[in-house]
Amino acid sequence: MDTNVGDLVSRKPPCDGIGSPPNGAATAIQSSATPHAAVGSPDATLGRHLSRRLVQIGVTDVFSVPGDFNLTLLDHLIAEPGLNLVGCCNELNAGYAADGYARARGVGACVVTFTVGGLSVLNAIAGAYSENLPVVCIVGGPNSNDYGTNRVLHHTIGLPDFSQELRCFQTVTCFQAVVNNLEDAHELIDTAISTALKESKPVYISISCNLPAIPHPTFSCEPVPFALSPKLTNQTGLEAAVEAAAKFLNKAVKPVMVGGPKLRVAKASEAFLGLANACGYAVAVMPSAKGLVPEHHAHFIGTYWGAVSTAFCAEIVESADAYLFAGSIFNDYSSVGYSLLLKKEKAIILEPDRVVIGNGPAFGCVLMKDFLKALSKRLKQNTTAYENYQRIFVPDGQPLKCEPKEPLRVNVLFKHIQDMLSSESAMIAETGDSWFNCQKLKLPRGCGYEFQMQYGSIGWSVGATLGYAQAVPEKRVIACIGDGSFQVTAQDVSTMLRCGQNSVIFLINNGGYTIEVEIHDGPYNVIKNWNYTGLVEAIHNGEGKCWTAKVHYEEELIEAIQTATGPKKDCLCFIEVIVHKDDTSKELLEWGSRVSAANGRPPNP
Ligand SMILES: Cc1ncc(C[n+]2csc(CCOP(=O)(O)OP(=O)(O)O)c2C)c(N)n1
Ligand SMILES: [Mg+2]
């Protein structure tokens, strides 16, 4: 393990009780007067240790749903002064909230109960895995005495098998700690947390329900502050990779740079920018990396997303004779149904710890940020691609003016959302046509941007908005959520109100699953229309600060935005926007046809 927490062992006071923690009912926190005289503090418990560790790594809000297997643990979490427990309506949303929180804070956590909670949160944890987010998923587990017995427990599928939940988590987390005794609890917890941070992936920690309150000597000292040894670059590999890359790029006529989503996990956004400043190349961003590359940069040319790129971006990228992709993920969606016009021999691909140049060679153990920094000292200035872009660029058209009482159009809606953005805001875009409409927004300096492009699980944005807003209270979150997605996870607007959040939610009511319509239509893409503002009013129920509006026309939208950003700026503002079912971005139409073609490829002969 790379942490220094193991040092604790040497500072542990002598204790006669080691190895014999009392079994049976857990002691309540307040009365946890220790049965082991030598243990010292009544705070020397697993529950306190876990709480303190969460605070140390930067988690000050934990999203949870209680259950009898986690109640004692929750008592300890709320007893920790630096920790705020946020009760959610369901575990899926608690997991999505931890995901949104991790995007803003660098790490997030949720606590659920055994199996019924665990299997409910699983989808959100899989999403966090796909997006490289360190989320600590804590599950209150069976009483330690029940392990190894043939008992059938409640909340299971009725088999005497305690490992079902664990097996499910094995494929969506990078480490699993099953804490069912106090002897190694300290080490297991610290290993799990440090692995999450090092790998930037979720981890699973199951804590037996009878253990959190029992004092134990391994928790008797203040934990050694959390520390991780940094990953290191192999210097020889770095020099060779930089040499080869500089040779490759310096001979190119019109090279470009494209930032990908793994810039975040590589913590390389700044180094990417440094290289851009040094070499003068045109700079593009992949759709899933929007928000990681500053769009006010002097050489920024937009989003590179093949046939659905922002104006003139694909032409410049695909006609370049060399491109450097930093942290890219090419899947069927980001490649628009495998239709990108890129050639591997023209590409330098940077993974977080690996550099691949053209069809070879490849250099391992080279950290992206070190590589970018070193390369910036070796590249010749070349602004050709950016100059070409400037020469051919014609700005996007403005939407046609609305007639009074003309049904609101999506392009008009997004023109007004654009005007709301500032360094004090953050956009959250749900899977659906919002992916394409939000992608076209120009982000001012400091404006956050999040969406879940790799996993694309509808409903994510409700929990993510809750978590992100909790993590960054100084920013106002603006969420664009389709009606179909909202129907999956709507309940946790309730938690936003309880937390006093003032996000602005645009609920785009187009009567169905429009993105699916454009891939493959059928009657299943029409959904039951809800009175969405009525639903939010019912959730509000007079408690908390909430304001809703339903808008059909541009005039109403303008007024709603003025109210949300003026007199109601402290309220959670929910604006239901009624649009025509066929009113989509043009990018969705193009992308949908291409994804449909990719999905519909006949079996190989
Ligand atoms: C959990 C989950 N179930 C199903 C899907 C398939 N799916 C992708 S987008 C979508 C519809 C989204 O509809 P809506 O939120 O109304 O957005 P719109 O395209 O209408 O803007 C569905 C069902 C999914 N991505 N995730
Ligand atoms: Mg819809």
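**View 1. Helices α4 and α5 are roughly parallel to each other.** Angles under 35 degrees count as roughly parallel, those over 145 as roughly antiparallel, those from 65 to 115 as roughly perpendicular, and the rest as oblique. This is a predicted model, in which local features need pLDDT of at least 70, side-chain atom pairs count only at pLDDT 80 or more, and totals for chains, interfaces and linings use all residues. Residues are numbered from 1 along each chain as its sequence is written, chains are lettered from A and ligands numbered from 1 in the order in which they are written, and side-chain values use heavy atoms, with hydrogens and water left out. Helix α4 covers residues 91–105 and helix α5 residues 116–130; the two pack at an angle of about 30°, and their axes are 7 Å apart. Axes here are lines fitted to C-alpha atoms, for helices over the stretch in contact, and angles run from 0 to 180 degrees between N-to-C directions. Helices (H or I, at least four residues) and strands (E, at least two) are DSSP runs, numbered from the N terminus. α4 and α5 make a right-handed crossing. A crossing is right-handed if the near helix is turned clockwise from the far one by less than a right angle, and left-handed if anticlockwise.

**View 2. Helix α4 also packs with helix α15 (residues 460–471).** The angle is about 45° and the axes are 6 Å apart. α4 is therefore oblique to α15. Their crossing is right-handed.

**View 3. Helix α2 (residues 46–56) meets helix α7 (residues 185–199).** Their axes come within 11 Å and cross at roughly 20°. α2 is therefore roughly parallel to α7. The crossing in which α2 passes α7 is right-handed.

**View 4. Ligand 1 is surrounded by 16 residues.** A residue counts as near the ligand if one of its heavy atoms lies within 4 Å of it. The closest are Gly456, Asp483, Gly484, Ser485 and Glu516. By type, the shell divides into three nonpolar, 10 polar and three charged residues. Ala, Val, Leu, Ile, Met, Phe, Trp, Tyr, Cys and Pro count as nonpolar, Asp, Glu, Lys and Arg as charged, and the others, Gly among them, as polar.

**View 5. Oxygen atoms of ligand 1 lie 2.6 Å from a side-chain N or O atom of Ser485 and 2.9 Å from one of Asn510.** A backbone N or O atom of Asp433 is 3.1 Å from an oxygen atom of the ligand. Taken alone, ligand 1 exposes 600 Å², of which the protein buries 78%; such areas come from the Shrake-Rupley method with a 1.4 Å probe. Helices α16 (483–489) and α18 (514–519) each give two or more residues to the shell around ligand 1.

**View 6. Gly360 and Pro361 are joined by a cis peptide bond.** Omega is about 5°. Pro361 sits in the loop between β12 (354–357) and β13 (362–364).

Note on methods
A polar contact is a pair of N or O atoms within 3.5 Å; within protein, one must be able to donate a hydrogen and the other to accept it, and residues adjacent in sequence count only if both atoms are side-chain atoms.
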